[in-house]
Amino acid sequence: MKNQDLVDYLRECGVCQFCQLRYLKARGNEYQNQKEYFERVSVEFIDESNGTSDPANKKKRQNVCPTCLDLFSNSFKEQLLQAILCTDIEKYECAGIVVAISIPIVLQLRQLSMWYALLDKFGSDISLDRSPDVSLKEAIKLILNPTICESLRKNYDINNGLMININLCHAQEEEGIARLGKLNNVVHPPKKGHKLEPISRSLIEKKYTPLRVGSELFKEVFPVPPSIPNESLKLDNISLLGPSTYVAGRYRKISRHLSHTPWVLNGERVMSDSIEEIIIRNIAPHFCDDTKKVNFMSSGREDVDVRCLGAGRPFVLEIQNAFRVSLPPEQARQMKGCIDASQKISVRDLQVVAREDLSHIKMGEEQKRKCYRALCQLSRPVTTDILKKLNLEQGFEIQQKTPIRVLHRRPLHTRPRTVYSLKASVCQQNKRLIILDVVTQAGTYIKELVYGEFGRTKPSVASVIGQPIDIVALDVMEIDLDWPPTVTD
Ligand SMILES: [Zn+2]
């Protein structure tokens with residue numbers, strides 16, 4: 001089969017120049033430098049852009065292409081670009097894009113039909129199981145994507161690009177699917193007890209080749225070669241999906257009346273605010289419109305009445321469909337200012353991080369050490385004997401049953417936990433008060449460690465000193481996680 005014969009036949013069928021190139025297996029730039037490529041593969045080039053004196057060619061040029069339904073035509077590209085510019089793409093501040101074009105099934109059927117036609121025309125020069133053209137999917141990458149990128153002045157960035165989802169439709173889609181359904185019943189009848197496989201793009205890709213489906217059968221359902229269609233493809237809709245952005249930082253909790261996440265009891269809010277809400281409402285609007293979909297994660301959490309001091313607790317916001325991927329220092333300072341003004345929490349080290357960094361927050365929770373400071377009260381003044389018993393540089397093991405107060409959300413277990421050290425000192429203003437510095441394994445319940453919870457935690461501070469002890473206030477002093485990195489102003 002000579003290339004010229006192939007192209008002559010395609011032209012006879014009304015196939016556009018881009019599709020002619022697809023059947024000549026053109027790659028990369030060859031779609032842009034058409035004349036050069038036609039000449040290289042010894043095919044006469046017809047300049048369609050400037051018109052031609054041959055009225056026959058002129059007529060062909062005006063029909064809708066039977067194999068791409070004008071997907072690659074200049075007018076369709078123009079229409080596509082205009083439609084993209086009409087979206088709120090301007091709002092997205094990213095350098096890269098990804099284009100995902102969903103084509104109607106009827107377009108795939110037309111490729112198939114042309115395959116059968118070429119077999120009829122050129123016989124054994126055409127493979128029965130490897131399609132004779134550069135697939136539409138591949139051609140979209142080679143022809144449409146570069147055009148879209150160039151017009152929008154964006155890079156193609158498959159990892160972090162703004163996703164442009166384009167759905168195309170065609171007037172004959174329903175009819176095409178119905179016909180294929182009939183054919184499919186004959187070619188791939190459902191096995192006993194199995195449901196009929198629904199018609200899909202992958203079904204056609206996998207199960208429809210001239211090797212697997214005889215030409216006669218196919219021709220009963222579809223015209224071969226594909227007919228000249230009355231209508232070209234239409235744009236159904238375009239939607240944009242921005243990349244996910246991750247903002248990390250550390251928070252210090254200054255309030256003893258603030259829950260970690262919105263606290264709802266029997267359908268009613270217990271406290272009007274939470275750490276999660278304060279952080280999200282001050283940071284997320286810079287990155288996205290819909291702050292309800294923002295996900296707040298932290299390395300552990302503290303009770304409502306516990307403060308978190310020191311360098312604070314690491315957290316990350318996962319922001320989907322973000323229209324910004326960077327956080328300029330000035331913006332970060334403003335956010336920090338607004339959050340600090342709440343006087344309930346303060347934040348530091350705000351920064352955008354990579355998705356891979358999320359593992360820091362999620363992993364190794366159990367292995368971490370936690371440092372607490374507890375203010376405890378005895379019924380009598382503290383003695384040196386008690387202080388001696390509570391200054392333990394050597395750690396010890398405890399067995400801790402799940403506290404009754406969390407049984408509604410945690411299963412009942414008895415878990416071994418390590419207390420790494422205890423350090424106690426007397427409060428100078430009130431000799432019945434002890435300041436207790438505790439370093440423990442993550443997951444230890446500190447309040448129960450102190451008062452023992454009726455023997456549910458053994459040993460406890462109460463059992464060590466042999467008398468009841470109450471916890472008045474608790475602070476987290478340090479979280480054993482060296483992440484995210486410090487941001488210097
Ligand atoms: Zn075409």
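Q: Before we look at any residue, what does "partly exposed" mean here?
A: A residue is buried under 20% relative accessible area and exposed over 50%, and partly exposed is what lies in between. Keep in mind that this is a predicted model.

Q: Okay, so where does Asp-340 fall, buried, partly exposed or exposed?
A: Asp-340 has a relative accessible area of 26%, so it counts as partly exposed.

Q: Which helix is Asp-340 in?
A: Asp-340 belongs to helix α12, which covers residues 329–340.

Q: And what does Asp-340 touch, leaving out residues up to four places away in sequence?
A: Asp-340 then has contacts with Ile-345, Ser-346 and Val-347.

Q: How far is Asp-340 from Ile-278?
A: In sequence they're 62 residues apart, while their C-alpha atoms sit 9.8 Å from each other in space.

Q: Let's zoom out. How many helices and strands are there?
A: The protein has 16 helices and 16 strands.

Q: How much of the protein is buried?
A: Of its 489 residues, 47% count as buried. The accessible surface is about 25400 Å², and carbon and sulfur atoms make up 50% of that.

Q: What about contacts between residues 24 or more positions apart?
A: Those account for 77% of the protein's contacts with a separation of 6 or more.

Q: Switching to charges, how many are positive and how many negative?
A: There are 68 positive and 60 negative charges, and their mean positions lie 7 Å apart.

Q: Now the strands. What's the order in the open sheet of four?
A: The order is β2-β1-β3-β4, and the pairing is mixed.

Q: Which ones are the edge strands?
A: β2 (155–156) and β4 (234–241), as each pairs on one side only.

Q: How do β3 and β4 run?
A: They're antiparallel, with seven bridges joining β3 (residues 162–169) to β4. Met-163 is opposite Leu-241 of β4.

Q: And which strands does β11 pair with?
A: β11 (residues 369–377) is joined antiparallel to β14 (residues 433–441) by nine bridges. β11 also pairs with β16 (residues 470–479), again in the antiparallel sense, over eight bridges.

Methods. Residues are numbered from 1 along each chain as its sequence is written. This is a predicted model: local features need pLDDT of at least 70, side-chain atom pairs count only at pLDDT 80 or more; totals for chains, interfaces and linings use all residues. Side-chain values use heavy atoms; hydrogens and water are left out. Helices (H or I, at least four residues) and strands (E, at least two) are DSSP runs, numbered from the N terminus. Buried means under 20% relative accessible area, exposed over 50%, partly exposed in between (1.4 Å probe, protein chains only). Contact means heavy atoms within 4.5 Å. Accessible areas come from the Shrake-Rupley method with a 1.4 Å probe; for residues, only the protein chains shown count as cover. Lys and Arg count as positive and Asp and Glu as negative; His and the chain ends are not counted. The place of a charge is taken as NZ of Lys, CZ of Arg, CG of Asp or CD of Glu. Two strands pair if DSSP finds at least two bridges between them.
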